[in-house]
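Welcome, and thanks for taking a look at this one with me.

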Amino acid sequence: MLASGFTAATVSKWLFFGTIASSILVSITDTKYLYHIQLVPHLWRYKQFWRLLIWQLCYNNSGELLFGVMTLYNLRIVERLWGSWKFASFLTAILFPTLFIPPLLLTLLRPITFSTLNVLPAGPTPLIFALLAQYHATIPTVYKYRLLLSSSSTDALTLSDKSLVYLLAAQLALSSLPGSLIGAAAGWFVGVAWRRDLGPELWTTWRLPAWMTGGKQGRRGDFEHLQRRLEGEGRGTGTVVDHNEV
């Protein structure tokens with residue numbers, strides 16, 4: 001779990017470099033204007049519903065790209081825990097909810113905010129926050145430390161080894177308010193819903209064909225329930241169970 005780089009995290013590597021490459025490409029080709037969503041005029045006036053399918057392909061500014069890919073890099077540990085097969089299946093399962101729920105939420109909130117809410121910035125922020133929900137639930141805290149705010153030992157802020165990941169994600173959520181925060185909240189909700197089996201059973205149990213991630217089907221599906229139990233026990237004991245070893 002402590003291996004550097006993208007060891008045992010092939011899907012995360014493709015997601016990381018794909019996000020960087022697509023963001024650079026749209027900048028070079030000067031097509032940034034095609035990827036964000038404005039309810040008015042893009043959807044309601046011009047009926048450009050194709051934007052709903054592509055708005056998470058790239059980031060439109062360097063700040064969001066930086067914090068987005070840094071967060072993705074730190075979340076690669078989830079793939080190491082689950083294995084590439086389950087990780088890729090999870091990303092596929094949450095893709096459409098994270099594409100359509102943020103625009104729907106924006107549509108519902110727009111009337112009560114006197115049309116203030118109108119824009120969703122481009123970028124896979126909802127997907128990242130759905131992943132962050134899994135990171136929060138499955139990865140235990142290894143250590144904690146206190147940051148003194150003054151000479152008094154009572155004025156201290158308690159942090160953990162996971163605090164940096166949350167800080168990066170918070171910066172991403174606040175980067176293009178209010179649209180980025182709506183996307184982040186929707187992504188977190190989708191991730192929690194998947195984690196707690198709040199949707200149809202097929203949504204949480206479906207898996208991609210194993211050959212798509214370079215693995216073999218074997219009997220891995222028989223151990224899904226055991227894996228979740230071990231993850232829960234790992235949170236309580238401070239240990240982590242590697243999916244590849246189950």
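1. Let's start in a loop. Ser 115 sits in the loop between α6 and β2. Please keep in mind as you look that this is a predicted model. Ser 115 has a positive phi of about 65°, although it is not a glycine.

2. Is Phe 114 buried or exposed? At 76% relative accessibility it counts as exposed, since the cut-off for that class is over 50%. Such phi values deserve a second glance, because most residues other than glycine have a negative phi.

3. Now for the peptide bonds. Which residues does a cis peptide bond join, with omega of about 15°? They are Val 40 and Pro 41, and Pro 41 has its place in helix α2, residues 39-43. Another cis peptide bond joins Leu 177 and Pro 178, with omega of about -5°. Pro 178 belongs to the loop between α8 and α9, the latter helix spanning 179-195. For context, most peptide bonds are trans.

4. Leu 53, Leu 95, Phe 96 and Phe 100 make a nonpolar patch of about 370 Å². Helix α6, residues 84-109, supplies the largest share of this patch, with three residues. Leu 95 lies in that helix and counts as partly exposed, at 33% relative accessibility.

5. Two packed helices are described by the angle between their axes and the distance between the axes. For helix α4 (residues 62-74) and helix α8 (residues 163-173), the axes come within 9 Å and cross at roughly 150°. This crossing is left-handed. On the α4 side, the contact is made by Glu 64, Phe 67, Gly 68, Met 70, Thr 71 and Asn 74, and on the α8 side by Val 165, Leu 168, Ala 169, Gln 171 and Leu 172.

6. Finally, step back to the whole chain. How many helices and strands are in it? The protein chain has 11 helices and four strands. It has 246 residues, and 44% of them count as buried. Among contacts with a separation of 6 or more, 75% are between residues 24 or more positions apart. The accessible surface of the chain comes to about 13100 Å², and carbon and sulfur atoms hold 65% of that.

Technical notes
Residues numbered from 1 in each chain as written. Predicted model: local features only at pLDDT ≥ 70, side-chain atom pairs only at ≥ 80, totals over all residues. Heavy atoms only, no water. Helix = DSSP H or I, 4+ residues; strand = E, 2+ residues; numbered from the N terminus. Buried < 20%, exposed > 50% of the residue type's maximum accessible area, 1.4 Å probe, protein only. Contact = heavy atoms within 4.5 Å. Areas by Shrake-Rupley, 256 points an atom, 1.4 Å probe, with all protein chains shown as cover. Patch = residues over 30% accessible without salt bridge, like charges linked within 9 Å, V, L, I, M, F, W, Y side chains within 5 Å. Salt bridge = Lys/Arg side-chain N within 4 Å of Asp/Glu carboxyl O. Axes fitted to C-alpha atoms, helices over the stretch in contact; angles between N-to-C directions. Left-handed = near helix turned anticlockwise from the far one by under 90°.
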